[in-house]
Amino acid sequence: MIGTGYVGLVSGACFADLGNEVTCVDNDIKKINNLKKGIIPIFEPGLEELVIKNYKNGKLNFSTSLKDSVKKSDIIFICVGTPTKKNGISADLTQVYNVAREIRTSISKFKIIITKSTVPLTTGDELEKIISKKKSRKLFSVVSNPEFLREGEAVRDFTFPDRIIIGTNDKKSNKILKNLYAPLISKGAKYINTSRRSAELIKYSSNAFLATKITFINEIANLCEKSDINVEDIAIGMGLDVRIGSRFLRAGPSYGGSCFPKDTKAITNTADKFKINLSVIKSVIKSNQNRPLLLLKRIHSLMKGKLKNKKICFLGVTFKANTDDMRDSPCLKMIPSLIKKGAIINYFDPTGYKKELSKYRNVYFSRDIKSALFNANLIIIHTEWNDFKSINFKSLVKNKNFIIFDFRNIYSASKMKQLKIKYFGIGK
Ligand SMILES: NC(=O)c1ccc[n+]([C@@H]2O[C@H](COP(=O)([O-])OP(=O)(O)OC[C@H]3O[C@@H](n4cnc5c(N)ncnc54)[C@H](O)[C@@H]3O)[C@@H](O)[C@H]2O)c1
């Protein structure tokens, strides 16, 4: 596994647990040294046990030497980052191409080289060109095997995937990979063999579709707010239609995280290169970028325009629950604007202090929910952690006139009304 991040470490640990001999490689020396000591770089439920168990029994190893690790491996998964290019919208493939250039010098017998990183359609063709400049095409096969795990549920998602997509026309590689995934196929995962380009596009189309579903219900929520309707009723009514389905129909803040924002942009860029206008996805991106501004407007109106010296408490700051990932978290767009208006932010996150918020004045990390809430004027439930689902606000906040703005619709508005708490949700 080249790249020991959310995808590489989870996949590596899970493949080792299935009985394979796995080396997780990273060029971050500190990360690899820590992993050898049993220190896990990310928060991901169930991962620590899996890593420690398989490191101890020798199935899982860690290394900073890409060349040695490639030499002794038959199957190489590229799991490095593919962020958005600086000042652009396309995927930055520098890390992927750098790995390809390093791999090619270590190939002396047949290797399957797989992109598990999310890469735009035609990247596999490019990798094949790069490697074949130094090695005969008979010595390697480039395959696309996109990963669909979700942060927070990654171990479970890897172990019980809905589908395994293998993009290759090479029969030998397909046979080897079907065998590798056999334990998951026998538990019910669908195994689909497509062309390499199809596999690349399946991943982007899936993420863009899910982002569209979220954005769709967020816009319906805006209409519900203006028309005295509860968006949850709409989501239930729509979701019971099996053609639609209930998942990803929960209104909330904008979608964030390390995948949807970058992948929606990258797919429109790829399509533009083919002179195809993916106008639906372009609208989704625009709507999602605008959403934090809409929520900020609503905060202003809830606070009657008075934010100066007001204490605002954020419960959770990561982009979703059960992860420590801050990439493109909606709060990163909202907090700077709130402090500009003079607000003072206290935040609590179950995964601890966040360096991404350290550069701002008047943003303070609290060690527990109680101190984050103390004397707050406004409480924003930003992330749906279980820790936030049964808080006795009245006893903890201490000040009488606080307002709760629940981005995740965790609490019942009518119960809050009975408690005489000023409570507002999304789309109601
Ligand atoms: N995070 C997710 O939930 C998720 C889900 C599915 C797919 N993906 C895709 O998987 C890819 C990886 O995502 P991630 O979140 O795991 O990224 P990450 O940033 O957590 O991890 C990438 C790792 O690669 C390492 N790396 C970079 N260049 C290297 C090199 N030359 N040699 C060795 N190591 C190198 C980095 O140090 C880092 O540890 C991306 O393309 C992403 O879109 C991510």
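## A predicted 428-residue chain at a glance

A compact globule of 428 residues would have a radius of gyration near 22 Å, and the 23 Å of the protein chain agrees with that (taken over C-alpha atoms, with the globule rule being 2.2 Å times the number of residues to the power 0.38). Please keep in mind that this is a predicted model, in which local features need pLDDT of at least 70, side-chain atom pairs count only at pLDDT 80 or more, and totals for chains, interfaces and linings use all residues. Residues are numbered from 1 along each chain as its sequence is written, and side-chain values use heavy atoms, with hydrogens and water left out.

**Overall build**

- The protein chain holds 17 helices and 13 strands; these are DSSP runs numbered from the N terminus, with helices (H or I) of at least four residues and strands (E) of at least two.
- Its C-alpha trace spans about 70 × 50 × 40 Å along the principal axes.
- Of the contacts with a separation of 6 or more, 70% join residues 24 or more positions apart (contact means heavy atoms within 4.5 Å).

**Surface and charge**

- Buried residues account for 52% of the 428 residues; buried means under 20% relative accessible area, exposed over 50%, and partly exposed in between (1.4 Å probe, protein chains only).
- The chain exposes about 20800 Å², and carbon and sulfur atoms supply 53% of that area (Shrake-Rupley method with a 1.4 Å probe; for residues, only the protein chains shown count as cover).
- There are 75 positive and 38 negative charges, and their mean positions are 4 Å apart.
- For this count, Lys and Arg are positive and Asp and Glu negative, while His and the chain ends are not counted; each charge is placed at NZ of Lys, CZ of Arg, CG of Asp or CD of Glu.

**A closer look at helix H5**

- Helix H5 (residues 94-103) has Val 96, Tyr 97, Val 99, Ala 100 and Ile 103 buried.
- Viewed down the axis of H5, the buried residues fall within an arc of 155°, so they line one face of the helix (the arc is that of the directions from the helix axis to the C-beta atoms).
- Their cover includes helix H4 (66-71), strand E3 (75-78), strand E4 (111-115) and helix H6 (123-132).

**Two loop residues with positive phi**

- Lys 275, in the loop between helix H12 (260-273) and helix H13 (279-302), has a positive phi near 60° without being a glycine.
- Lys 275 counts as exposed because its relative accessibility is 75%.
- Asn 322, in the loop between strand E8 (311-315) and helix H14 (331-340), is also not a glycine and has a positive phi of about 65°.
- With a relative accessible area of 30%, Asn 322 is partly exposed.
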